[in-house]
Amino acid sequence: MSDATAAATLPAAGLWPRLRDGATLPILSVLLFILVIWYLGAVKLNAPQVLDAYERAGQTEWTFPELVADTLSMERPVLPAPHQVVAELNRTVLQVNITSRRSLVYHTWVTLESALVGFLFGTALGIGLAVAIVHVASLERALMPWIIASQTIPILAIAPMIVVVLGSLGLVGLLPKAVISAYLCFFPVTIGMVKGLTSPETIQLDLMRTYNASTAQTLRLLRLPASLPFLFTSLKVAISLAVVGAIVGELPTGAQAGLGARLLAGSYYGQTIQIWSALVMAAVLAGGCVGLVGLVQARLGRRLGGAA
């Protein structure tokens, strides 16, 4: 084979083939689509207010480019444009000391703290319930209907009840928000772990009995390693729910800090740009937490030879 023929058979090493064959181009395409829809929505929803302002000002002559520019530069728009949200994030994240109450990083940390505590509580509760359900047959019939029924109650309805009950016991601040986060995130962990702990095949369980392994040994050496893929999948769902729970928990408490507090303040004063910047920050926070769980899964999987 000649050098020219060999070179022709090699995959292209240019930028475009790498973008096309990897995940970058699909992600950028979806992001571009979202931005286009977002800008169109901002123009559509903000246009009535701008036209009303034109009419009150007696401005009868205007062009479409002027209308678009004004809809994308309103101080209190119905739907802020992406560049307005980015400017707000730049102002509240990069240009303010992170210890200041005006910093979105500060409010994000307050929410993250509650979410992590609730995530730990919910994960521990979910794993404990799953182990009990797998090893005590009657508990599956006794607990599973209640576990499933618990998730049919809207969190916006139960959150104020949790805050009031715990507040009457003198438990305020971080704990009520953590309890709400734990309430949301224990369910996927429980369901995932039950599925994972029961995933070993019958022949594997029979082999453990042949070795005269105890229940605890079977759990430690067989059931738990087999459940790791199910556990980490559930944890990715649970950590995002924990963030949602922490934000929801801040709403009925009248919290002075946290992303929920930023949402409340923005709604009180009609600061939609502040609301959307807090929403974007919440999405970034949840995505970062899910990514961290995935990183732990990958590292643990390498150490265990791909078990996770």
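Predicted model: local features only at pLDDT ≥ 70, side-chain atom pairs only at ≥ 80, totals over all residues.

Residues are numbered from 1 along each chain as its sequence is written, and side-chain values use heavy atoms, leaving out hydrogens and water.

**Exercise 1.** Find out where the kink in H11 lies.

Solution. Start with the length: helix H11 covers residues 215-250 (helices are DSSP runs of H or I, at least four residues, numbered from the N terminus). A straight helix of 36 residues would span 52 Å (1.5 Å times one less than the number of residues). Between its end C-alpha atoms, H11 spans only 42 Å. Now look along H11 for a bend: there's a kink of about 45° at Leu-228, shortly before the proline Pro-229 (the angle between axes fitted to the seven residues ending there and the seven starting there).

**Exercise 2.** Work out how H12 and H13 are oriented to each other.

Solution. First, take the axes of helix H12 (residues 259-268) and helix H13 (residues 272-303): they come within 8 Å and cross at roughly 160° (lines fitted to C-alpha atoms over the stretch in contact, with angles from 0 to 180 degrees between N-to-C directions). H12 and H13 are therefore roughly antiparallel (over 145 degrees). Next, pick out who touches whom: residues of H12 including Leu-259 and Leu-263 meet residues of H13, among them Ile-275 and Leu-285 (contact means heavy atoms within 4.5 Å).

**Exercise 3.** Decide which residues of H8 and H9 meet.

Solution. Begin with the geometry: helix H8 (residues 155-168) and H9 pack at an angle of about 140°, with their axes 9 Å apart. Then list the partners: Ile-155, Ile-158, Ala-159, Ile-162, Val-163 and Leu-166 in H8 meet Pro-176, Val-179, Ile-180, Tyr-183 and Leu-184 in H9. Finally, H9 also has a partner in H6 (residues 104-135), and the axes of H6 and H9 come within 5 Å, crossing at roughly 35°.

Definitions and conventions. Helix = DSSP H or I, 4+ residues; strand = E, 2+ residues; numbered from the N terminus. Parallel < 35°, antiparallel > 145°, perpendicular 65-115°, else oblique.
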